[in-house]
Amino acid sequence: MYQDILFSQTNGIARITLNRPSVLNALSPNLIAELTDATQKVALDDSVKVLIVTGTGRAWSAGVDLKALNESIQGGHFSNFEVMEMGKAFIETLQAMPQVTIAQVNGHCYTGATELMLAFDLVYAAHEAQIGDTHAKWGIAPKWGMTQRLAQKVGLMKAMELSFTTLPVSGQEAERIGLVNKAVPLAELESTVNQVAERIKGNSAQTIAAMKQLYYYGAHQGLAQGLQHEWQADFKITDREEFLRNFEKNK
């Protein structure tokens, strides 16, 4: 079905693997379109509780494939605006979907790919990963949230240092500065992410979806509005009724 990604789904966990290893999984227009399409379909699937996105080979993704983008524009298939819109739609889907999204950053992750990574709910990286923002190196202004989300994660001064110097950080350093949740040796990365996904699956999916919406509302609107929204929000949560009944019986 897809050319540039691999998709699998089992036992409530969906997995997307960026699959252009010969070019470090660079984000071609087609890959972005397929990634967006697959994610939007997962968002509508109530049987999926967690979405994991990783990469084949040495990279999560090296960022936007400027060569492929130029070829698509010259061939009349995509415009730069359409590609930017697809990436924006992918990010908006990630943050609006009820499922928990996890970036499993196995290797190199630069620029546009780092912007996508920043939009995931959780990020786990290999010690060996290299994560950076090279927009300034190529003379390209960010459009997918780098200047806002990076500062939220690591603080304004550190974000500006990363963007202005264009120097990447290792997975270990990314954990230290709060850019990722946790870094582990590459050989342990998949099992670590799977353990997290299984732990999430055991909890109330409806409560997690509600809390995800509240977290992002507060992150976007600020503390005062976030507190008011949390107080006023009314979520119908029914997927723990049996658990609560059993709890009452066993008290």
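**Strands, salt bridges and a helix pair**

Student: Parallel or antiparallel, how do β6 and β8 pair?

Tutor: Strand β6 (residues 108-110) runs in the parallel sense against strand β8 (residues 130-132), over two bridges. Strands count as paired here if DSSP finds at least two bridges between them. Helices (H or I, at least four residues) and strands (E, at least two) are DSSP runs, numbered from the N terminus.

Student: Which residue in β8 is the bridge partner of Y110?

Tutor: G132. Some ground rules: this is a predicted model, where local features need pLDDT of at least 70, side-chain atom pairs count only at pLDDT 80 or more, and totals for chains, interfaces and linings use all residues. Residues are numbered from 1 along each chain as its sequence is written, and side-chain values use heavy atoms, leaving out hydrogens and water.

Student: OK. What's the strand order in the open sheet of four strands?

Tutor: The order is β4-β6-β8-β9, and the pairing is mixed. β4 (59-61) and β9 (169-170) are the edge strands, each pairing on one side only.

Student: Switching to charges. How many salt bridges does a search of the whole structure find?

Tutor: Six. The criterion is a side-chain nitrogen of Lys or Arg within 4 Å of a carboxyl oxygen of Asp or Glu.

Student: Which residue does E92 bridge to?

Tutor: E92 goes to K88, with the closest N and O atoms 2.6 Å apart. They are four residues apart in helix α3 (residues 80-96), so about one helical turn separates them.

Student: What does K158 pair up with in a salt bridge?

Tutor: E161, with the closest N and O atoms 2.6 Å apart. Both lie in helix α7 (residues 156-165), three residues apart, about one turn of the helix. E161 is partly exposed at 39%, and K158 is partly exposed at 24%.

Student: Where do E173 and R176 sit?

Tutor: Both are in helix α8 (residues 171-176), three residues apart, about one turn of the helix. E173 is partly exposed at 24% relative accessibility, while R176 is exposed at 61%.

Student: Backbone next. What's the phi of N11?

Tutor: Positive, about 50°, although N11 is not a glycine. Most residues other than glycine have a negative phi. N11 lies in the loop between β1 (5-10) and β2 (13-18) and is exposed, with a relative accessible area of 62%.

Student: And where is L24 found?

Tutor: In the loop between β2 and α1 (29-43). Phi of L24 is near 55°, again positive in a residue other than glycine. L24 is partly exposed at 21%.

Student: Last topic: at what angle do α1 and α3 cross?

Tutor: Roughly 25°, with the axes coming within 9 Å. Axes are lines fitted to C-alpha atoms, for helices over the stretch in contact, and angles run from 0 to 180 degrees between N-to-C directions. The two helices are therefore roughly parallel to each other (angles under 35 degrees count as roughly parallel, over 145 as roughly antiparallel, 65 to 115 as roughly perpendicular and the rest as oblique).

Student: Which residues of α1 meet α3?

Tutor: P29, I32, A33, L35, T36, T39, Q40 and A43. On the α3 side they meet V83, M86, G87, A89, F90, T93 and L94. Contact means heavy atoms within 4.5 Å.

Terms used:
Buried means under 20% relative accessible area, exposed over 50%, partly exposed in between (1.4 Å probe, protein chains only).
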